[in-house]
Amino acid sequence: MKNSISLSIIALTVTMFMGISGSSAQKLVMGEKAPDMKVSGWISDRPAESGTAQLVEFFHSSNRQCHNRLPALDALAQKYSGKLTVIIMTKETAETVADILYPGSRSYYAAVDDGRTFGNFGVQYSLSLSAC
């Protein structure tokens with residue numbers, strides 16, 4: 001079952017992948033309604049729709065920077081608990097990223113994109129592969 005959440009975004013961070021390019025997605029403006037976030041499932045519990053500000057981090061396991069940001073995102077989620085909801089969004093399967101995102105207790109939430117959220121937010125990526 002697919003879930004839909006409308007978000008108010010305090011910040012949109014895109015630190016991912018080997019290549020990022022622009023898109024024709026709507027322009028994000030602070031204080032205005034953000035694009036819908038559509039998920040095929042939650043890796044964590046689903047956050048309550050409490051009206052808190054939300055920070056969405058787009059994640060891919062092949063990018064080391066994404067791994068390195070997880071402790072800082074967890075710290076933000078703890079520090080601003082009740083005021084800020086941190087959501088990690090991935091296109092990968094829950095089985096692929098669950099152990100990476102949750103090596104122990106974490107204060108952020110994580111979801112798997114249903115194939116539309118990355119595009120709704122204008123996030124595109126490609127992996128550059130090269131021979132070693």
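This is a predicted model: local features need pLDDT of at least 70, side-chain atom pairs count only at pLDDT 80 or more; totals for chains, interfaces and linings use all residues.

**Overall layout**
- Along the sequence, the elements follow the order β-β-β-β-β-α-β-α-β-α-β.
- Of the 132 residues in the protein, 40% are buried.
- Among contacts with a separation of 6 or more, 80% are between residues 24 or more positions apart.
- The protein exposes about 7300 Å², and carbon and sulfur atoms supply 50% of that area.

- In soluble globular proteins, nonpolar side chains tend to be buried together.
- In this model the largest nonpolar core has 15 residues, and Phe59, Leu70, Leu73, Val86, Ile88, Leu101 and Tyr108 have the most contacts inside it.
- At least two residues of this core come from each of strand E5 (53-59), helix H1 (64-79), strand E6 (84-90), helix H2 (94-101) and strand E7 (109-113).
- Helix H1 gives the most, with four residues.
- A second, separate core of 11 residues includes Val39, Trp42, Met89 and Phe121.

**A closer look at Asp113**
- You can find Asp113 in strand E7.
- Asp113 is buried but has no salt bridge, as the nearest side chain of opposite charge, Lys91, is 5.0 Å away.
- Its side chain reaches two backbone nitrogens: that of Gly115 at 3.0 Å and that of Thr117 at 2.8 Å.
- Leaving aside residues up to four places away in sequence, Asp113 touches Lys38, Val39, Ser40, Met89, Thr90, Lys91 and Phe118.

How values were computed. Residues are numbered from 1 along each chain as its sequence is written. Side-chain values use heavy atoms; hydrogens and water are left out. Buried means under 20% relative accessible area, exposed over 50%, partly exposed in between (1.4 Å probe, protein chains only). Contact means heavy atoms within 4.5 Å. Accessible areas come from the Shrake-Rupley method with a 1.4 Å probe; for residues, only the protein chains shown count as cover. A nonpolar core is a set of buried Ala, Val, Leu, Ile, Met, Phe, Trp, Tyr and Cys residues joined through side-chain atoms within 4.5 Å. Lys and Arg count as positive and Asp and Glu as negative; His and the chain ends are not counted. A salt bridge is a side-chain nitrogen of Lys or Arg within 4 Å of a carboxyl oxygen of Asp or Glu. A polar contact is a pair of N or O atoms within 3.5 Å; within protein, one must be able to donate a hydrogen and the other to accept it, and residues adjacent in sequence count only if both atoms are side-chain atoms.
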